[in-house]
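Please look through the sequence and the model below before reading on.

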Amino acid sequence: MSNAPSETETQPNANSGRLEYVVRCGSMRLLGVMRAKQSFRYGDQVVVRTTRGTEIGTVLCEATPAAVDHLAEPTEGSIVRALTADDQNQWKHLESKTHEDIEICQKLANRLNLQMDVVDAERILGGERMVVYYLAEQRIDFRQLVRDLAGHFQTRIEMRQIGVRDEAKLLADYGDCGQPICCANHLSKMPPVSMRMAKLQKATLDPTKISGRCGRLKCCLRYEFDTYEEMAAELPPVGSQILTRDGSATVLGQDILSQQLAIKTEDGRRIMLAGSDVISITKRGNNEKKPRGKKKK
């Protein structure tokens with residue numbers, strides 16, 4: 001009988017002959033490519049060994065070339081085993097100490113008069129290190145603090161400065177939409193978001209309604225922005241002079257999703273017109289976004 005694997009048992013990385021998976025681990029949901037000696041499925045909880053030490057991770061998918069291409073700076077490591085009941089109990093014990101660990105870190109920082117707010121303290125499953133996440137407006141000389149923390153916790157201390165978006169990623173739970181916040185659920189990178197994106201999508205400009213748990217513009221404003229831009233480019237910009245079957249008109253506004261225009265006719269009427277009913281553009285509006293090109297020398 002042949003021992004060759006069937007088609008359904010083909011190894012994820014056929015080129016190298018190794019099993020490799022994309023695994024998410026740590027408080028900051030770090031993504032890495034992990035080698036394995038057995039097959040795993042999406043959602044499996046595993047114990048992995050990374051450059052940080054031994055920690056718990058979640059298998060997301062096979063490390064295919066297409067999947068790896070979406071990872072900006074993946075960490076590397078290996079899957080040691082599937083998560084056991086003992087591992088789970090040990091992890092719960094470490095998590096139960098988080099609040100106390102944060103208080104101790106902040107107390108020692110205050111004793112040294114360091115202007116920093118400790119947000120989280122992450123213990124690695126294997127005990128190789130503790131990662132302290134903090135907010136600070138200025139650069140902090142935490143060398144003495146690291147020595148004090150290492151002496152207290154008897155492990156290696158890693159200090160990591162974060163921003164307000166990272167703070168939400170660590171501490172927040174649900175967004176205004178009722179779903180788990182994107183940065184803690186599926187986003188591996190924080191995309192830049194601008195007020196222009198909100199304006200183009202006709203979103204309210206009330207800061208309290210378009211800001212996420214971090215106090216910055218919601219990441220979801222970015223999701224459909226490219227589509228809005230493409231659809232907006234198919235319509236004459238505001239201020240354009242157009243020719244329709246009923247004569248000339250001026251574009252007053254765009255309804256991007258319905259592909260309609262608010263126009264003012266020659267006799268002063270204000271009506272809605274389908275973009276497909278525009279015969280030609282006799283003069284384009286001044287607020288049209290100019291295409292990017294090389295600067296003249």
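How many bridges join strand β7 to β8? Six bridges join β7, which covers residues 129-135, to β8, and the two strands run parallel; strands and helices here are DSSP runs numbered from the N terminus, a strand (E) having at least two residues and a helix (H or I) at least four. Within this pair, Val-131 stands opposite Glu-158 of β8.

A word on the source is needed here. This is a predicted model, in which local features need pLDDT of at least 70 and side-chain atom pairs count only at pLDDT 80 or more, while totals for chains, interfaces and linings use all residues. Residues are numbered from 1 along each chain as its sequence is written, and side-chain values use heavy atoms, with hydrogens and water left out.

The pair β7 and β8 belongs to an open sheet of three strands in the order β6-β7-β8, with mixed pairing, where two strands count as paired if DSSP finds at least two bridges between them. Because β6 (117-123) and β8 (156-161) stand at the edges with a single partner strand each, one side of each is left without a neighbour in the sheet. From one strand to the next, the twist averages 20 degrees.

Helix α4, residues 143-153, lies across β6, β7 and β8 and runs at about 135 degrees to β8; axes are lines fitted to C-alpha atoms, for helices over the stretch in contact, and angles run from 0 to 180 degrees between N-to-C directions. Leaving aside neighbours within four places in sequence, Leu-149 is in contact (heavy atoms within 4.5 Å) with residues including Val-132, Ile-157 and Met-159.

Leu-149 is also among the residues with the most contacts inside the largest nonpolar core, which has 19 residues. Such a core is a set of buried Ala, Val, Leu, Ile, Met, Phe, Trp, Tyr and Cys residues joined through side-chain atoms within 4.5 Å. The elements that give two or more residues to this core are α3 (98-111), β6, β7, α4 and β8, and the largest share, five residues, comes from α3.

Turning to the cysteines, the structure holds zero disulfides, a disulfide being a pair of cysteine sulfur atoms within 2.5 Å. For Cys-177, the nearest cysteine sulfur is that of Cys-182, 6.4 Å away. Cys-177 is exposed, with a relative accessible area of 62%, whereas Cys-219, at 13%, counts as buried; buried means under 20% relative accessible area, exposed over 50%, and partly exposed in between, with a 1.4 Å probe and protein chains only.
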